[in-house]
Amino acid sequence: MQLTLAIAVAASLLSFTSANQFSKTCTNITLSTTGNLTAECRDKKQVPKQASLNLNSLIGYSAGKFQWSSANYLSSCTSCSIYLAPNAIYTFVNDEWMTCLCGNTTYTQNQKTDVDLDDYIDNDDGNLKRG
């Protein structure tokens with residue numbers, strides 16, 4: 001009985017997480033030096049498809065943070081990579097994150113800047129898109 005309740009609670013918590021969560025249905029996720037995120041994503045019939053999305057056209061950088069209302073983060077950021085780490089709210093769920101060394105005229109020294117890509121990117125029938 002307690003195990004069933006624990007599973008039900010965990011399932012209900014998962015339903016409140018972001019609808020995006022592309023990394024849960026995509027594998028072989030990579031990030032190029034030009035900002036192209038590529039992955040093999042399952043479509044609605046569970047058939048894997050090659051997908052890509054240019055993050056540089058979707059994400060900017062300003063005042064020490066990534067900005068999803070802007071673009072061209074690569075003009076301020078270098079050494080970008082992706083990694084799995086716990087979701088900020090649901091720490092038992094791993095999300096796909098991007099980290100870069102970023103700086104601009106306000107921040108003359110590069111600083112490590114991270115963003116949870118699963119909060120913003122979706123697998124839409126085997127295609128990556130901004131959620």
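Is Ser79, at 56% relative accessibility, buried or exposed? Ser79 counts as exposed, where exposed means over 50% relative accessible area, buried means under 20% and partly exposed lies in between, computed with a 1.4 Å probe on protein chains only.

The views below show a predicted model, in which local features need pLDDT of at least 70 and side-chain atom pairs count only at pLDDT 80 or more, while totals for chains, interfaces and linings use all residues. Residues are numbered from 1 along each chain as its sequence is written, and side-chain values use heavy atoms, with hydrogens and water left out.

View 1. Most residues other than glycine have a negative phi. Ser79, found in strand E6, has a positive phi near 50°; strands (E, at least two residues) and helices (H or I, at least four) are DSSP runs numbered from the N terminus. Gln46, which is not a glycine, also has a positive phi, of about 70°, and lies in the loop between E2 and E3.

**View 2. The open sheet E6-E7-E8.** Three strands form an open sheet in the order E6-E7-E8, with antiparallel pairing, two strands being paired if DSSP finds at least two bridges between them. Strands E6 and E8 stand at the edges with a single partner strand each, so one side of each is left without a neighbour in the sheet. Neighbouring strands of this sheet are turned by 25° against each other on average, direction ignored, as judged from axes that are lines fitted to C-alpha atoms (for helices over the stretch in contact), with angles running from 0 to 180 degrees between N-to-C directions. E7 and E8 run antiparallel and are joined by six bridges, and Trp97 stands opposite Asp116 in E8.

View 3. Cys77 and Cys102 form one of them, with sulfur atoms 2.0 Å apart and a right-handed link of 110° about the S-S bond. Cys77 lies in strand E6 and Cys102 in strand E7, so the pair ties together parts that are 25 residues apart in sequence. Cys77 is buried at 3% relative accessibility, and Cys102 is buried at 0%. Cys80 and Cys100 form another disulfide, with sulfur atoms 2.1 Å apart; the torsion about their S-S bond is about 115°, so this disulfide is right-handed. The pair links strand E6 at Cys80 with strand E7 at Cys100, 20 residues apart. Cys80 is partly exposed, with a relative accessible area of 22%, whereas Cys100 is buried, with 1%. Residues up to four places away in sequence aside, Cys80 touches Leu31, Tyr73, Leu74, Thr99 and Cys100, contact meaning heavy atoms within 4.5 Å.

View 4. Cys26 is joined to Cys41 by a disulfide with an S to S distance of 2.1 Å, and the torsion about the S-S bond is about 110°, so the disulfide is right-handed. The pair links Cys26 in strand E1 with Cys41 in strand E2, 15 residues apart. Cys26 is buried, with a relative accessible area of 5%, and Cys41 counts as buried at 0%. With bonded cysteines counted along the chain, the disulfides of the protein follow the pattern 1-2, 3-6, 4-5.

**View 5. Aromatic pairs.** Rings of Phe, Tyr and Trp (its six-membered ring) pair if their centres lie within 6.5 Å, and planes under 30 degrees apart count as stacked, over 60 as edge-to-face and the rest as tilted. A search of the whole structure finds four aromatic pairs. Among them, Trp68 and Tyr120 are stacked, at 4.2 Å centre to centre and 15° between the planes. This pair links Trp68, in the loop between strands E5 (65-67) and E6 (77-86), with Tyr120, in the loop between strands E8 (111-116) and E9 (121-124), 52 residues apart. Trp68 is buried at 8% relative accessibility, while Tyr120 is partly exposed at 29%. Tyr83 and Trp97 form a further stacked pair, at 6.4 Å centre to centre and 20° between the planes. Ring pairs also link Tyr61, Phe66 and Tyr73 into a cluster.

Methods. A disulfide is a pair of cysteine sulfur atoms within 2.5 Å.
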